[in-house]
Structures are given as structure tokens and as C-alpha cells.
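Notebook open, model on screen. I want to go through the core, the sheet and the surface, one after another.

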Amino acid sequence: MEDDEYTITEIKTADGYTLLKNAITVVITRNEGSASATVDGNQVNMLTDSGSANALAPLSVVNTSGFDLPATGDRGVWMYGLAGILLMAASAACIIITTRKKSK
């Protein structure tokens with residue numbers, strides 16, 4: 001690869017594993033006869049490739065098995081609480097109105 005900025009995006013994974021949430025950014029910079037690389041902003045040591053003019057930029061990707069649970073209930077919880085409080089207030093108002101009518 002030439003010196004440039006590259007983005008690695010995982011589009012498919014083995015069954016039972018989750019896709020990476022964020023892309024991996026690799027920046028290769030060539031300096032007078034040598035090269036350096038960063039992977040997601042972290043400097044990595046370039047490795048020689050069996051004496052050729054090429055070099056390897058090592059990176060590790062950790063995939064986790066399982067699945068991502070959807071983020072549900074986050075916004076709906078407060079609505080159920082508010083609905084319950086309003087329902088209890090309406091019930092209390094009905095009871096008070098009914099008892100006042102019976103006492104007259």
C-alpha cells in the first residue's frame with residue numbers, strides 16, 4: 001500500500017460473532033527510506049517482510065461472540081411511570097368526587 005490513510009470496515013463476520021461497530025483507520029507515512037504507521041491513532045512498529053522493500057503494519061482485531069441486544073426501554077420507562085401517576089391521580093379524583101356526592 002502507498003502512504004495514505006486507509007479505512008477498514010468489517011462487512012461480514014463468521015456465524016455467532018458480531019460486526020465491529022467502528023471502522024479501523026490505518027495511516028501509512030513514508031519518510032526518507034523508511035515508513036511508519038498508526039492504527040486508530042496508535043503508533044505501530046512496522047515489520048520487515050522477509051527482506052523485501054515492503055513492510056507489514058500489524059494490527060489486531062478482537063471480535064466477540066454473541067449478539068447485540070437492541071437498546072429498548074430506554075425512553076419508554078419514564079412514559080410508563082408518568083402514565084401510572086396520571087392514572088392514580090385520576091382514580092383518586094374519581095373516588096373523592098364519588099364520596100362527596102354520596103355524603104350530600
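Buried means under 20% relative accessible area, exposed over 50%, and partly exposed in between, with a 1.4 Å probe and protein chains only. A reminder to myself that this is a predicted model, where local features need pLDDT of at least 70 and side-chain atom pairs count only at pLDDT 80 or more, while totals for chains, interfaces and linings use all residues. Numbering starts from 1 along each chain as its sequence is written, and side-chain values use heavy atoms, leaving out hydrogens and water.

Core. I looked up which residues make up the largest nonpolar core, and got six: Ile24, Val26, Ile28, Ala37, Val39 and Val44. S2 gives the most, with three residues. Strands here are DSSP runs of E, at least two residues, and helices are runs of H or I, at least four, numbered from the N terminus.

Sheet. I then asked in what order the strands sit, and found an open sheet of four, S1-S2-S3-S4, with antiparallel pairing. S1 (5-8) and S4 are the edge strands, each pairing on one side only. Two strands count as paired if DSSP finds at least two bridges between them. Going across, I noted four bridges for S1 and S2, six for S2 and S3, and three for S3 and S4 (residues 42-44). For landmarks I wrote down Thr7 opposite Thr25 in S2, Asn31 opposite Ser34 in S3, and Thr38 opposite Gln43 in S4.

Hairpin. S3 and S4 have two residues between them, and in this hairpin I found Asp40 with a positive phi near 50°.

Surface. Last, I checked for patches, which are made of residues with over 30% relative accessible area and no salt bridge, like charges being joined within 9 Å and nonpolar side chains (Val, Leu, Ile, Met, Phe, Trp, Tyr) within 5 Å. A salt bridge is a side-chain nitrogen of Lys or Arg within 4 Å of a carboxyl oxygen of Asp or Glu. Areas are Shrake-Rupley with a 1.4 Å probe, and for residues only the protein chains shown count as cover. I found a nonpolar patch of Trp78, Met79, Leu82 and Leu86, with about 450 Å² of accessible area together. Leu82 lies in helix H1 (residues 76-103).

Note on methods
A nonpolar core is a set of buried Ala, Val, Leu, Ile, Met, Phe, Trp, Tyr and Cys residues joined through side-chain atoms within 4.5 Å.
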